[in-house]
Amino acid sequence: LAVSCHKNHFHLVCYLLTASLTLMMIPYYINDLNQVPVPVMLLPDDFRANTKIKVNNHLFNKENLPGHFKFKEYCPQVFRNLRERFGIEDLDYQVSLTRSPPVRGGDTQGEGILLTSYDRTLVIKQISSEDVADMHGILSEYHQHIVKCHGSTLLPQFLGMYRVGVENEETYLIVMRNMFSHRLVVHRKYDLKGSLVSREASDKERVKELPTYKDMDFRNNMQKVYVNEEQKEKVMEKLNRDVEFLVKLKIMDYSLLLGIHDVGRAEREEEEGEEPSNEEEGEPENGLAQAPNVGSYGTSPEGIAGYMASCKPLEPGEFDPYVDVYAMRSAPGAPQREVYFMGLIDVLTQYDTKKKAAHAAKTVKHGAGAEISTVHPEQYAKRFRDFISNIFA
């Protein structure tokens, strides 16, 4: 921890240390959890439960890891049940997280540092204690929603939540399924809220390797999602159901994350022997950074996507819908062959006093009719759904 006095470097070192401790403890917790019979049904206490362990003077990797730390897993039975409903077995979850070191994704500034599992199927995101409280506040309703929709959702797939304490520092982490592909590179990325005020990528953002474009950029670029009517109906059915759930919880300010894989470009790069860029500089706060290429991927039949190594290699633009669950192929006859990744992100913002104040301030600045992002949940949901329904060709 004394490697550097530079604040940002120090923060990164602390965070990676915390992640290492988390990955060290997860197999212990999963093995311990497997000794407990799966309950017939979850009880209210399961949504408040946690499992804690305090480690003193351990000898594992003592050159790099502290000898004393505390680890806490939140609501273990609930998240085990959610993993099962999302089609992820505990052993695969454990292997994907812990077999090889995760890859750092996104920017390293601020609190939004995130990691991607070595096989690119999971995202490990640092969150705040307030986010943990918000997650506890919606977890029961979220679980009910996942049960009702049989795991078919555009919402983030929350798979585990943890706290690690080293010295007097506590770090909170949440694990989610990666909305982007574990094998197909995303060439364009949009964050869409259905608002046009201050919703344009900055000059600083545009020079990044993979900029995060916004609503005005989507409109100005004349971008469209080319899918057939049946695919559009399925997506909108999921989206409407998920948005109704968010309105019920008075949640707003969420976005649709849209990633686009250009099949033709991928084929050209493969023919030219080019390696897709390893650099991901997307906004870390959405927790969904596209993972860089990792040499260890596909070397084992274990893990969430590892079994595909024993199958016939997929062709450019092909994906396994059981792994890339947010993916959708463009319709035959579309101007370009593309694969789209679509999911809802930033779903923990409730319409509280702070948001009400922001809405009032923006209304004064831009006028009552302006399409500002900070509006009450019902209005936000209607505008959001209207905008998303029009992104399809």
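Me: Before anything else, what counts as buried, exposed or partly exposed here?
Reply: Buried means under 20% relative accessible area, exposed means over 50%, and partly exposed is in between. Note that this is a predicted model.

Me: OK, then is His 150 buried or exposed?
Reply: His 150 has a relative accessible area of 70%. That is over the 50% cut-off, so His 150 counts as exposed.

Me: Where does His 150 sit?
Reply: In the loop between helix 4 and strand 6 (158-166). His 150 also has a positive phi of about 55 degrees, although it is not a glycine.

Me: Is Cys 75 buried or exposed?
Reply: Buried, with a relative accessible area of 0%.

Me: Moving along to helix 2, how many of its residues are buried?
Reply: Eight of the ten, so helix 2 is largely enclosed by the rest of the structure.

Me: Which ones?
Reply: Pro 76, Gln 77, Val 78, Phe 79, Arg 80, Asn 81, Leu 82 and Arg 83. Both Arg 80 and Arg 83 are on that list.

Me: What follows helix 2?
Reply: Gly 87, which has a positive phi near 75 degrees.

Me: Zooming out, how many helices and strands are there?
Reply: Ten helices and twelve strands. The protein has 393 residues, and 53% of them count as buried.

Me: Let's do helix 7. What is its span?
Reply: Helix 7 covers residues 229-248, 20 residues in total, and reaches 28 Å from its first C-alpha to its last. That is close to the 28 Å expected at 1.5 Å a residue.

Me: What caps its N-terminal end?
Reply: Asn 228 caps helix 7, with a side-chain oxygen 3.2 Å from the backbone nitrogen of Glu 230. Just after the helix, Lys 250 takes a positive phi of about 60 degrees.

Me: Which residues of helix 7 are buried?
Reply: Val 235, Met 236, Leu 239, Asp 242, Val 243, Phe 245, Leu 246 and Val 247.

Me: What covers them?
Reply: The cover includes helix 4 (129-148) and helix 10 (377-389), along with strand 10 (255-262), strand 11 (327-329) and strand 12 (338-345).

Me: How do helix 7 and helix 10 cross?
Reply: Their axes come within 10 Å and cross at roughly 170 degrees. Helix 7 and helix 10 are therefore roughly antiparallel to each other.

Me: Which residues meet there?
Reply: From helix 7, Lys 232, Met 236, Leu 239, Asn 240, Val 243, Glu 244 and Val 247. They meet Pro 377, Glu 378, Ala 381, Phe 384, Arg 385, Ile 388 and Ser 389 in helix 10.

Me: What about the loops on either side of helix 7? Start with Val 227: buried or exposed?
Reply: Val 227 is buried, at a relative accessible area of 9%. Its place is in the loop between helix 6 (215-220) and helix 7.

Me: What is Val 227 in contact with?
Reply: Leaving aside neighbours within four places in sequence, Val 227 is in contact with Lys 232, Met 328, Arg 329, Ala 331, Tyr 340 and Phe 392.

Me: Last one, His 261. Buried or exposed?
Reply: His 261 is buried, with a relative accessible area of 3%, and is found in strand 10.

Me: Which residues is His 261 in contact with?
Reply: Setting aside neighbours within four places in sequence, His 261 is in contact with Leu 184, Val 185, His 187, Ala 266, Gly 317, Arg 337, Glu 338, Val 339 and Phe 341.

Notes:
Residues numbered from 1 in each chain as written. Predicted model: local features only at pLDDT ≥ 70, side-chain atom pairs only at ≥ 80, totals over all residues. Heavy atoms only, no water. Helix = DSSP H or I, 4+ residues; strand = E, 2+ residues; numbered from the N terminus. Expected span 1.5 Å × (residues − 1). Buried < 20%, exposed > 50% of the residue type's maximum accessible area, 1.4 Å probe, protein only. Contact = heavy atoms within 4.5 Å. Polar contact = N/O pair within 3.5 Å; in protein donor to acceptor, adjacent residues only side chain to side chain. Axes fitted to C-alpha atoms, helices over the stretch in contact; angles between N-to-C directions. Parallel < 35°, antiparallel > 145°, perpendicular 65-115°, else oblique.
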